[in-house]
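Please read them with the structure open.

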Amino acid sequence: AKGDTVLIVADGKVAIDKGGTLLATIGAGSVLGEMALITGAPRSASATTEGEAEYFELSRADVEKLAKDRPKIAEELVEYCRKRLVANLLRSSPLFKRFDEDTRYDMIGRFQRGGFQPGTVVIEQGQPGKGLFVVATGEVEIKVKKEDGEEIIVANLGPGDVFGEISLLKDTPTTATVTARGRVGALFLPAGEFRKVVDE
């Protein structure tokens, strides 16, 4: 469902589930629904209370007014979303299974924020891999060039989706071209930072 509200847990516990997999159990002070609210994408997970719970609910209009009146709060919410997005990726992606909890926490700070204008080629097929990208807002188009030169669109990715991981993992040239379909906000883990953590 489309997310038009953000919830703050005041009391009790809430289980976060995605596709039948338990991602986390959160408690008082935790924020829910902020990713869908900020990115405009449909909600990517379900939240179920464990017993009784109390929460505050803010509409999109409430959050926009708060952001206008207090810009610092808006920036903190965006930073919170950045960390949540990366933390979910590190917890669920097979790419990071080898790392322990402390190493994954350290890696959160190694991701950089970036933006791309419509039509920007983020990754070009056959070039050395730059690193791992996580789409935060907007959409990217994945296109593969066949041996006869024909280009085929194989996927469109949106908020929460990942690209660049194959060349990062195998240390090989990229296997597809990735282009921003509109304005895109992304989080980027440079290949050098990833390999630094692996070496350590």
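1. Surface. The protein exposes about 11800 Å², and 51% of that area is supplied by carbon and sulfur atoms. Accessible areas come from the Shrake-Rupley method with a 1.4 Å probe, and for residues only the protein chains shown count as cover. Of the 200 residues, 35% are buried. Here buried means under 20% relative accessible area, exposed means over 50%, and partly exposed is in between (1.4 Å probe, protein chains only).

2. Basis. The model is predicted: local features need pLDDT of at least 70, side-chain atom pairs count only at pLDDT 80 or more, and totals for chains, interfaces and linings use all residues. Residues are numbered from 1 along each chain as its sequence is written, and side-chain values use heavy atoms, with hydrogens and water left out.

3. Overall form. The protein has six helices and twelve strands; these are DSSP runs numbered from the N terminus, with helices being H or I of at least four residues and strands E of at least two. Along the principal axes, the C-alpha atoms fill a box of roughly 60 × 35 × 35 Å.

4. Contacts and charge. Among contacts between residues at least 6 apart in sequence, 72% join residues at least 24 apart; contact means heavy atoms within 4.5 Å. The mean positions of the 27 positive and 31 negative charges are 3 Å apart. Lys and Arg count as positive and Asp and Glu as negative, while His and the chain ends are not counted. Each charge is placed at NZ of Lys, CZ of Arg, CG of Asp or CD of Glu.

5. Helix 4. In helix 4 (residues 101-108), the buried residues are Arg104, Met107 and Ile108. They cover an arc of only 110° around the axis, which puts them on the same side of helix 4; the arc is that of the directions from the helix axis to the C-beta atoms. Asp102 and Tyr105, on the other side of helix 4, are exposed. The cover over the buried residues of helix 4 includes helix 3 (71-92), strand 12 (184-190) and helix 6 (191-199).

6. Arg104. Beyond its neighbours within four places in sequence, Arg104 is in contact with Leu90, Arg91, Phe96, Lys97 and Phe99.

7. Helix 6. Ala191, Phe194 and Val197 are buried in helix 6. Seen down the axis, the buried residues of helix 6 fall within an arc of 130°, so they line one face of the helix. Helix 4, strand 7, helix 5 (165-170) and strand 12 are included in what covers them.

8. Leu95. The loop between helix 3 and helix 4 holds Leu95, which is buried with a relative accessible area of 8%. Not counting residues up to four places away in sequence, Leu95 touches Leu132, Glu165, Leu168, Leu169 and Phe194. Phe194 is also one of the buried residues of helix 6.

9. Gly138 and Gly158. Gly138 lies in the loop between strand 7 (131-137) and strand 8 (140-145), and Gly158 in the loop between strand 9 (151-157) and strand 10 (162-163). Gly138 counts as partly exposed at 27% relative accessibility, whereas Gly158 counts as buried at 11%. Leaving aside neighbours within four places in sequence, the contacts of Gly138 are Leu157, Gly158, Pro159, Arg183 and Val184. Under that condition, Gly158 is in contact with Val135, Gly138 and Glu139.

10. Asp171. Most residues other than glycine have a negative phi. Asp171 has a positive phi of about 55° although it is not a glycine. Asp171 sits in the loop between helix 5 and strand 11 (177-180) and is exposed, with a relative accessible area of 57%.

11. Gly109. Gly109 is exposed, with a relative accessible area of 61%. Gly109 and Gly131 are 22 residues apart in sequence and 15 Å apart in space, C-alpha to C-alpha.
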